[in-house]
Amino acid sequence: MSNSSESFIAKSALKSSDLEHRRKINFNIGKYNATVVQGKKQFEDLNLARERAKNIKWKAIENLDQYLEEFETQFTKRGGKVIWAVDSAQAIEEILSICKEKNCKTLVKSKSMATEEIHLNHALENNGIESIETDLGEYIQQLDGEPPYHIVTPAMHKSKEDVAKLFAEKLGTPPNLTPEELTLVARNILRKKYVEAEVGVTGANFIISDIGGIAITENEGNARLSCAFPKTHIVIVGIEKVIPSLNDLALFWPLLSTFGTGQQMTVYNTIVTGPRQHNETDGPEEMVVILLDNNRTEILNNPKQRESLYCIRCGACLNVCPIFKNIGGHAYGTTYQGPIGSVITPHLRGLKDWNHLSGASSLCGACTDACPVRIDLH
């Protein structure tokens, strides 16, 4: 039995008997369940929308090389730079090289599970660079020294009282602040960091092939600030995030917001197509997109597993999964939790050490029913 398997069993046993943990998760997922029903009403034919989205992702993944090359061609026309990273080590090496060139002391980060996947914060800290998570949930988790608990809601397992206590311990704030007051505390701290940072790092929800752009979906606006204030903007994104056309966003943005948070649309939806142009007044002087493989081509090479690359990281499968709701996100011991994590992690990180996650399923099929792109997860 591998160390990761032993850890999974031990953490699962601990969390599944923690009634307070279960109460918090059921409370937060219950709020999600109430809103997602309302969000779905915007679709005249939801099943048709899901089927179309699946077909678009099928087309993108089956022709992945062509669409990625088209993206690179279009993006570099406007002065952007594309780096193809085979694995985590190469991605980190390239980022550290850019930071060294820019004499980076402070880096702001937003909207990127890929940076969690390659453990970027740890690498930056080891090289004397302060890395600040700017999304509130991620910032809370960074303060607490924990990885994200959930793909979309990183601090889902914490109550407002937990966050108030954490801020009091780490930031010296009064222990009885309201959620609104806690948000303002974080905002005041983070706004200063945007101005100080030499480099901003974001992920991307989609790589748009035909226009050579990346699309970012968010509710707080921190990714926009991370893009615009620092002189250098680095995007780290998995190669599977590609969609063929700008027109596809008309379908994918509502699907992602509805299945991710229950909203009809998220508050901020941004398309970035390169560094600041000569006729523009703001934006970064340099923009680099790192296309991360990190064993995704191994999944691509497996006809039975390839469909898992359609995932748009909405987190819906986690919210309906009885396993996730009982053992929590940290028990998985990996960046991607829940049903989608159980499917892709053994292939991203090695079957020998991670095949136990394939058994983390009740085979109830709720994850497949919940998936906006109809991945046959179970």
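Start by selecting G238 and L292: G238 stands opposite L292 in strand 10. This is a predicted model, where local features need pLDDT of at least 70, side-chain atom pairs count only at pLDDT 80 or more, and totals for chains, interfaces and linings use all residues. Residues are numbered from 1 along each chain as its sequence is written, and side-chain values use heavy atoms, with hydrogens and water left out.

Now widen the selection to residues 232–238 (strand 7) and 286–292 (strand 10), which pair in the parallel sense over 7 bridges. Two strands pair if DSSP finds at least two bridges between them. Strands (E, at least two residues) and helices (H or I, at least four) are DSSP runs, numbered from the N terminus.

Next, bring up the whole sheet: it is open, has 6 strands with parallel pairing, and runs in the order 1-10-7-4-2-3. At its edges you'll find strand 1 (81–85) and strand 3 (130–133), each with a single partner strand, so one side of each has no neighbour in the sheet.

Then jump to helix 4, residues 64–77. Its 14 residues reach 20 Å from first C-alpha to last, close to the 20 Å expected at 1.5 Å a residue (the expected span is 1.5 Å times one less than the number of residues). Show side chains for L64, Y67, L68, F71, Q74 and F75, which are buried (under 20% relative accessible area, 1.4 Å probe, protein chains only; exposed is over 50%, partly exposed in between). These residues sit on the same side of helix 4 because they cover an arc of only 130° around the axis, taken from the directions from the helix axis to the C-beta atoms.
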